[in-house]
Amino acid sequence: MKNLNIRFGIVAVIILAAIIYVLPTFKPTLWPYKKINLGLDLQGGMHLALEVDTDKAVENTVGRIVDELITTLKKENIRYLIVEQNKGNIIAAKIAGKEEIDKFKKYMDKEYRELRLVSESNENDILTIKFDLPEREIENIKKMAVEQALETIRNRIDQFGVSEPDIRIQGEKRILVQLPGIKDPARAKQLIGKTALLEFKLVVNSNVGDDPKNIPAGCELIYEIKKDRNTNRETKIPYIVEKRARLTGTHLTDARVQLDASQKDEPYVGIKFDKKGAKLFAQITEENVKKQLAIVLDNKIYSAPVIQEKIPGGEARITGSFSAEEAHDLTIVLRAGALPAPVHFIEERTVGPSLGRDSINKGLMSMALGGCIVIIFMAVFYQLSGLLADLVLTINILLIAAGLAMFQATLTLPGIAGIILTIGMAVDANVLVYERIKEELGLGKTPRAAVNAGFDRATLTILDANVTTLIAALVLFQFGTGPVKGFAVTLSLGVIASMFTALVLARLIFDYILEKKQIKNLSI
């Protein structure tokens, strides 16, 4: 009897814990504040497949190496004729004079040993040399670009306020993004796809047309686009700016929306640099007073103010006739950091909330209908023992729901199918036990002996069937994606709950009835 009470206590604690975990789904203010999350197909939302332009990431890396090489060669007083990035991500250099050639080679051997020598020729004391990146380094850059893009997109979505997003890498360079419950898909898409490369470049000439012949070497033509909110018309203002950025967003530590009182509280984005960025910004502004400094974001000039004096403190502002929403989104992408390479949208699907609600209703309807048929069948066929199986079945569904809430799993439409499947499996386990008990009763055994023999003989069969299903569900969870994974989660929880209710809970109730009631005939 003592053993029976202990078992009752353990089962009661498990059921009570399940109830506690399920309640917040209906009333979110209740502890432990964990509720069942609905997937994209049940509450509506957005599915995006993005491809990271990894070739561009390699090109950007080579470009940074060239910029760094030019800077360091100047510091080392090594004179060169040309250092540039050629097609195919080749770093080409021309050095004149034996002394400078020796200094250049010695420096490259010391500081750039990771670069692979492609070709080298020397004519009339002019060295023409080309380098590139080894294949292994290129593969590493591509892999890092995809991983960094994933983290950047995750940070942006987190700050955007989407709950339970599903973001993961698929294949070598694709990223899948699922945003359940998103209300403004266009805004979310713009937020995710923005590269957000912030650069500060000196303006060489602002009184130019868009004729490429006017662009001197080492410069480029970029436009400032102003939009009239009343007429919705855009005005493009061309600027010739230095190709080399004097300062980039890598030194950014904060970005916030602020209001300009002098411009009728027009919103602008205030940015703050780290210590190194602040020092660079102060140096740039000190050396270029009365010149224009263009603030360039994703190759588009937002503003190009004239530097009036040195600006210490490492703070600046980005103006551009923003709406409050645009300014807020810009602060999100700046705080989350720039994407290492552009991303392209290759698939986009939007599921409306009404379709999701319809899916929930139909899923619940099929679950309720199937459950009712099973309950009636068990009650009719197995009498009072059938009603006991119905009670166990109800607790089985309660445990699955509690498991979904406890592990913060996402319930999808295939997940509902998984629950319905496990209802059938739970009934099957009870049928196996009951048929064994009926066989034992038919042999003339007492109810106690028949129940013991029935459970003992059916246990191994039930375990075999459920464990093999559980293994299959775990494999689906490990290698499946999206809806398949949702199905695997509910199937796994259902199998575990089914084994518990069929072998532990049902056995406990039978033992209690036989111990307390001392019955001579089983209603089965």
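**Close-up views of nonpolar cores and helix pairs**

**View 1. Surroundings of L334.** Beyond its neighbours within four places in sequence, L334 is in contact (heavy atoms within 4.5 Å) with L198, L252, A255, V269, I271, L297 and I318. The model is predicted: local features need pLDDT of at least 70 and side-chain atom pairs pLDDT 80 or more, while totals for chains, interfaces and linings use all residues. Residues are numbered from 1 along each chain as its sequence is written, and side-chain values use heavy atoms, without hydrogens and water.

**View 2. Nonpolar cores.** A nonpolar core is a set of buried (under 20% relative accessible area, 1.4 Å probe, protein chains only) Ala, Val, Leu, Ile, Met, Phe, Trp, Tyr and Cys residues joined through side-chain atoms within 4.5 Å. The largest has 72 residues, of which F104, V177, I271, I318 and L334 touch the most other members. Another core, of 53 residues, lies apart from it and includes L42, I395, A405 and L411.

**View 3. Helices α5 and α8.** The axes (lines fitted to C-alpha atoms over the stretch in contact, with angles from 0 to 180 degrees between N-to-C directions) of α5 (residues 135-160) and α8 (residues 324-336) come within 9 Å and cross at roughly 140°. Helices are DSSP runs of H or I, at least four residues, numbered from the N terminus. On α5, T152, N155, R156, Q159 and F160 meet D329, I332, V333, R335 and A336 of α8.

Technical notes. Buried < 20%, exposed > 50% of the residue type's maximum accessible area, 1.4 Å probe, protein only. Helix = DSSP H or I, 4+ residues; strand = E, 2+ residues; numbered from the N terminus.
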